[in-house]
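Hi everyone, thanks for coming. Let me put today's structure up on the screen, and then we can walk through a few spots together.

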Amino acid sequence: DLKNGEYVCVAVSASAPGYFFSGWTTNDASVGDGKFEMPAKNVVLKGKFTETNTTYKVEQYLENLAGTGYDLQSPVETKTAKTGTVVYDKDNIKSYPGFEYKAGAVDKKEEETVLGNGTTVLKLYYVRKSYTVTYEYENKPEGASELPKQGSYKYGENVSVAESATAPGYIFSGWTTNDASVGDGKFEMPAKNVVLRGKIGRAHV
């Protein structure tokens, strides 16, 4: 207990990561130079914290081709927000060809609260999309072999072109496409559907 008339030194400033402490204030005594004379009553000093701007990171992850995990993309963004602010995936979604953002794909979270110590990381995950490969004939003479079945492939996957078609009395000139770059009978699946067209010409006798 303190006696009436005794001088009291106000406590040192409080602190908290990500907050500004504006000082101890009271209506119960007259404070000057960090001290006051004890009045004939109890004194309550109240401290006030104000949120400051704090950094947090935003990380983008793309699903690998094997579907076994996600790869961190560079660069990692550093942003700022008031301590205690909730930041959302939806405000940080990017466009990656062949990928689609999937909410909570790994961490089951779509938001983070910015911590005052600067350790907050908002992580966004993108699944690898699949596209179709379809075969068509420019012309189909009688007796032509059946078209290869349509297939589904992940973006970036290596795709082998189907074997040549056949038709009695005709020559098959090969499968061609403008949707992908074919080399050595295969191509890397682009971020779109691929149509391969085959042309069968009459054989010269």
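Let's start with a quick one: does D184 count as buried or exposed? D184 counts as exposed, because its relative accessibility is 82%. By our cut-offs, buried means under 20% relative accessible area, exposed means over 50%, and partly exposed is in between, with a 1.4 Å probe and protein chains only.

Before I go on, a word on what you are looking at. This is a predicted model, so local features need pLDDT of at least 70 and side-chain atom pairs count only at pLDDT 80 or more, while totals for chains, interfaces and linings use all residues. Residues are numbered from 1 along each chain as its sequence is written, and side-chain values use heavy atoms, with hydrogens and water left out.

Back to D184. You'll find D184 in the loop between strand 15 (170-176) and strand 16 (186-188). Strands here are DSSP runs of E, at least two residues, numbered from the N terminus. D184 is not a glycine, yet its phi is positive, about 55°.

Now look at D33, which is also not a glycine and has a positive phi of about 55°. D33 sits in the loop between strand 2 and strand 3, and with 80% relative accessibility it counts as exposed.

Next, please find T26, in the loop between strand 2 (19-25) and strand 3 (35-37). T26 counts as buried, because its relative accessibility is 15%. Its side chain reaches the backbone nitrogen of D28 at 3.0 Å and the backbone oxygen of V44 at 2.7 Å. Leaving aside neighbours within four places in sequence, T26 is in contact (heavy atoms within 4.5 Å) with V31, V43, V44 and L45.

P75 lies between strand 6 (70-72) and strand 7 (77-82).

Finally, the inside. A nonpolar core is a set of buried Ala, Val, Leu, Ile, Met, Phe, Trp, Tyr and Cys residues joined through side-chain atoms within 4.5 Å. The largest one has 17 residues, and those touching the most other members are V133, Y137, W175, F187, M189, V194 and L196. Strand 12 (130-137), strand 15 and strand 17 (194-202) each give two or more residues to this core, and strand 12 gives the most, with 4. There is also a second, separate core of 11 residues, including Y56, A81, L124 and Y126.

Key. Polar contact = N/O pair within 3.5 Å; in protein donor to acceptor, adjacent residues only side chain to side chain.
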